[in-house]
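Please go through the briefing below with the sequence and the coordinates open. It is arranged by topic.

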Amino acid sequence: MTLTLQVDLPDDLARLRLPAAVAARLQMLLDRQDAGLPLSTAERQEAEGLVDLAEFLTLLRLREERMAQ
């Protein structure tokens, strides 16, 4: 199955990033995991969702850069 979405994107995609507090929360969760401290199921799901969101935003920025060239 293929799902296609059409989304109106802001003109300044180059600035589209996780908010600082959200990025800090993600970094804290990843640091805890890297230190060998277990994350709860909810924390692991939160971290996975934030990583997915960060990757999606990065892909949007890269696509915009490619289209601008």
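This is a predicted model: local features need pLDDT of at least 70, side-chain atom pairs count only at pLDDT 80 or more; totals for chains, interfaces and linings use all residues.

Residues are numbered from 1 along each chain as its sequence is written, and side-chain values use heavy atoms, with hydrogens and water left out. Helix 1 and helix 2 pack at an angle of about 125°, and the structure holds 2 salt bridges.

**Helices**

- Helices are DSSP runs (H or I, at least four residues), numbered from the N terminus.
- Helix 1 covers residues 20-34 and helix 2 covers residues 41-68.
- The 15 residues of helix 1 should span 21 Å at 1.5 Å a residue, and its end C-alpha atoms are 21 Å apart, which agrees. The expected span is 1.5 Å times one less than the number of residues.
- Helix 2 has 28 residues; from its first C-alpha to its last it reaches 41 Å, close to the 40 Å expected at 1.5 Å a residue.
- G36 follows helix 1 and has a positive phi, near 85°.

**Helix packing**

- Two packed helices are described by the angle between their axes and the distance between the axes.
- The axes of helix 1 and helix 2 are 10 Å apart, and the helices pack at about 125°. Axes are lines fitted to C-alpha atoms, for helices over the stretch in contact, and angles run from 0 to 180 degrees between N-to-C directions.
- Helix 1 and helix 2 are therefore oblique to each other. Angles under 35 degrees count as roughly parallel, over 145 as roughly antiparallel, 65 to 115 as roughly perpendicular, and the rest as oblique.
- The crossing of helix 1 past helix 2 is left-handed (the near helix is turned anticlockwise from the far one by less than a right angle; clockwise would be right-handed).
- On the helix 1 side, V22, R25, L26, L29 and R32 make the contact; on the helix 2 side, E43, E46, A47, L50 and V51 do. Contact means heavy atoms within 4.5 Å.

**Salt bridges**

- A salt bridge is a side-chain nitrogen of Lys or Arg within 4 Å of a carboxyl oxygen of Asp or Glu.
- Side chains of opposite charge can pair when their charged atoms come close.
- E46 and R25 meet through their side chains in a salt bridge, at 2.9 Å from N to O. E46 lies in helix 2 and R25 in helix 1, so the pair ties together parts that are 21 residues apart in sequence.
- E46 is partly exposed at 30% relative accessibility, and R25 is partly exposed at 29%. The classes are buried (under 20% relative accessible area), exposed (over 50%) and partly exposed (in between), using a 1.4 Å probe and protein chains only.
- E43 and R32 form a salt bridge in which the closest N and O atoms are 2.8 Å apart. This pair links distant parts of the chain, with E43 in helix 2 and R32 in helix 1, 11 residues apart.
- E43 is buried, with a relative accessible area of 17%, whereas R32 is partly exposed at 23%.

**Buried residues of helix 2**

- The buried residues in helix 2 are E43, A47, L50, L57, L60 and R61. Helix 1 is included in what covers them.
- R61 counts as buried at 15% relative accessibility. Apart from neighbours within four places in sequence, R61 is in contact with L13, A14, L16 and R17.

**Separations between C-alpha atoms**

- D11 is in the segment before helix 1 and is exposed at 79% relative accessibility.
- D12 and E64 are 52 residues apart along the chain, and their C-alpha atoms are separated by 9.3 Å.
- Q33 is in helix 1 and is partly exposed at 44%. From C-alpha to C-alpha, Q33 and R44 are 9.0 Å apart, and they are 11 residues apart in sequence.
- A21 is in helix 1 and is exposed, with a relative accessible area of 61%. A21 and L37 are 16 residues apart in sequence and 21 Å apart in space, C-alpha to C-alpha.

Notes:
Helices (H or I, at least four residues) and strands (E, at least two) are DSSP runs, numbered from the N terminus.
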